[in-house]
Amino acid sequence: MSVLDNFEQWKSFLADRLHQAEEQGMNQQVISDIAYQIGDYLAKQVDPKNPEERVLADLWHVANEQEQHAIANMMIKLVQNK
């Protein structure tokens with residue numbers, strides 16, 4: 001089972017990776033850029049596995065680049081305190 005199959009598992013996975021990046025000293029801008037790259041890859045290459053991912057993919061596809069960065073940053077905030 002992939003972490004993408006369940007949105008709660010996906011959020012937990014992201015939270016773990018975020019904490020690892022912070023512990024390794026990555027600054028917020030680098031983390032934000034990586035989140036954007038991951039979001040862009042997922043939107044272009046991976047079929048959504050659940051309704052939450054479908055909403056995120058749909059939003060990503062209609063957003064301009066600035067809005068996509070905002071979506072990526074919101075995902076960071078969503079998992080930051082887990």
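The model is predicted. Two packed helices are described by the angle between their axes and the distance between the axes. The pairs treated here are α2 with α4, α1 with α2, and α3 with α4. The largest pocket holds about 640 Å³ of space.

**α2 against α4**

- Helix α2 spans residues 28-45 and helix α4 spans residues 65-80.
- Their axes lie 9 Å apart, at an angle of about 110°.
- Angles of 65 to 115 degrees count as roughly perpendicular, and α2 and α4 are therefore roughly perpendicular to each other.
- The crossing of α2 and α4 is right-handed.
- On the α2 side, the contact is made by Q28, I31, S32, D33, A35 and Y36.
- On the α4 side, E65, Q68, H69, A72, N73, I76 and Q80 take part.
- By class, the contact of α2 with α4 has six polar, five nonpolar and two charged residues.

**α1 against α2**

- Helix α1 covers residues 7-23.
- α1 packs on α2 at an angle of about 145°, with 11 Å between the axes.
- The crossing of α1 and α2 is right-handed.
- From α1, the contact draws on W10, L18, A21 and E22.
- From α2, it draws on Q28, I31 and L42.
- Five residues of the contact of α1 with α2 are nonpolar, one is polar and one is charged.

**α3 against α4**

- The axes of α3 and α4 cross at roughly 150° and come within 8 Å.
- Angles over 145 degrees count as roughly antiparallel, and the crossing angle therefore makes α3 roughly antiparallel to α4.
- The crossing of α3 and α4 is left-handed.
- L56, L59, W60 and V62 of α3 meet E67, Q68, I71, A72 and M75 of α4.
- The contact of α3 with α4 has seven nonpolar residues, one polar and one charged.

**Largest pocket**

- The lining of the largest pocket counts 30 residues.
- Nearest the pocket centre are W10, L14, A35, I38 and L42.
- W10 also belongs to the contact of α1 with α2, as does L42.
- A35 also belongs to the contact of α2 with α4.
- α1, α2, α3 (51-62) and α4 each give two or more residues to the lining.
- α1 gives the most, with eight residues.
- By class, the lining of the largest pocket has 24 nonpolar, three polar and three charged residues.

Terms used: Residues numbered from 1 in each chain as written. Predicted model: local features only at pLDDT ≥ 70, side-chain atom pairs only at ≥ 80, totals over all residues. Heavy atoms only, no water. Axes fitted to C-alpha atoms, helices over the stretch in contact; angles between N-to-C directions. Helix = DSSP H or I, 4+ residues; strand = E, 2+ residues; numbered from the N terminus. Parallel < 35°, antiparallel > 145°, perpendicular 65-115°, else oblique. Left-handed = near helix turned anticlockwise from the far one by under 90°. Contact = heavy atoms within 4.5 Å. Nonpolar A, V, L, I, M, F, W, Y, C, P; charged D, E, K, R; others polar. 1 Å grid on protein atoms, 1.4 Å probe; cavity = no way out; pocket = protein on both sides within 12 Å on 5 of 7 lines; lining within 4 Å. Points joined across faces, edges and corners; volume = space filled by probe spheres on them.
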